[in-house]
Amino acid sequence: MIHNKSWQAFFALSPIIIFFIIMLGYFAFLFSILSNIPELERSHDGPPEFIFGWLGIFMVVLFLVILLSIASLVFYIVHAVQNPNLKKNNLLLLWILLFVFVSGLGQLIYWLVEIVAKRNEPALE
């Protein structure tokens, strides 16, 4: 699974893509609330289903994105530890620190630099 190209691409790209999709959904929700302020002010006698109706779905999707980001972090840390090209120098520590501190972008950069760019090169032993 670690050396499968499709899993590598999935774990590199999905956290960033899903983050942007969630941000678009959040801004669409915010825009729909801000555009309906006069209507929401007139109907203040009922419960606020319009505002809190999608909050549960948003929280579930956010929880799934957090799980996906943690899975991506673990996947790429394991991949970096098993990468023989990183064993001889301090690049392994650098990549792990990059994964931890620049979470989604770190995995994408590692995938582009260490996997895609060196796909046809033999591993150093």
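**Figure 1. Tryptophan 7 and phenylalanine 11 share helix 1, which spans residues 5–35.** The two residues are four positions apart, about one turn of the helix. This is a predicted model. Tryptophan 7 is partly exposed, because its relative accessibility of 36% falls between the 20% and 50% limits. Phenylalanine 11, with a relative accessible area of 7%, is under the 20% limit and therefore buried.

**Figure 2. Phenylalanine 99 and tyrosine 110 form an edge-to-face pair.** The ring centres are 5.2 Å apart and the planes meet at 85°, which is over the 60 degrees required, so the pair counts as edge-to-face. Phenylalanine 99 belongs to helix 5 (residues 91–101), whereas tyrosine 110 belongs to helix 6 (residues 103–116), so the pair ties together parts that are eleven residues apart in sequence. Both phenylalanine 99 and tyrosine 110 are buried.

**Figure 3. Aromatic pairs in the chain number twelve.** One of them joins tryptophan 7 and phenylalanine 11, whose rings are stacked, with 5.7 Å from centre to centre and 25° between the planes. Ring pairs also link residues into a cluster made up of Trp7, Phe10, Phe11, Phe75, Tyr76, Trp95, Phe99 and Tyr110.

**Figure 4. Tyrosine 110 and its contacts beyond its neighbours within four places in sequence.** The residues in contact with tyrosine 110 on this count are Tyr76, His79, Ala80, Asn83, Leu86, Trp95, Phe99 and Ile115. Among them, Tyr76, Trp95 and Phe99 also belong to the ring cluster that includes Tyr110.

**Figure 5. The largest nonpolar core contains 16 residues.** Tyr76, Phe99, Tyr110 and Trp111 have the most contacts inside this core. At least two core residues come from each of helix 1, helix 4 (55–82), helix 5 and helix 6. In soluble globular proteins, nonpolar side chains tend to be buried together.

Figure 6. From the N terminus on, the order of elements is α-α-α-α-α-α. Of the 125 residues in the chain, 23% are buried. Among contacts with a separation of 6 or more, 67% are between residues 24 or more positions apart. The chain exposes about 8,800 Å², and 75% of this area is supplied by carbon and sulfur atoms.

Definitions and conventions
Residues are numbered from 1 along each chain as its sequence is written. This is a predicted model: local features need pLDDT of at least 70, side-chain atom pairs count only at pLDDT 80 or more; totals for chains, interfaces and linings use all residues. Side-chain values use heavy atoms; hydrogens and water are left out. Rings of Phe, Tyr and Trp (its six-membered ring) pair if their centres lie within 6.5 Å; planes under 30 degrees apart count as stacked, over 60 as edge-to-face and the rest as tilted. Buried means under 20% relative accessible area, exposed over 50%, partly exposed in between (1.4 Å probe, protein chains only). Contact means heavy atoms within 4.5 Å. Accessible areas come from the Shrake-Rupley method with a 1.4 Å probe; for residues, only the protein chains shown count as cover. A nonpolar core is a set of buried Ala, Val, Leu, Ile, Met, Phe, Trp, Tyr and Cys residues joined through side-chain atoms within 4.5 Å.
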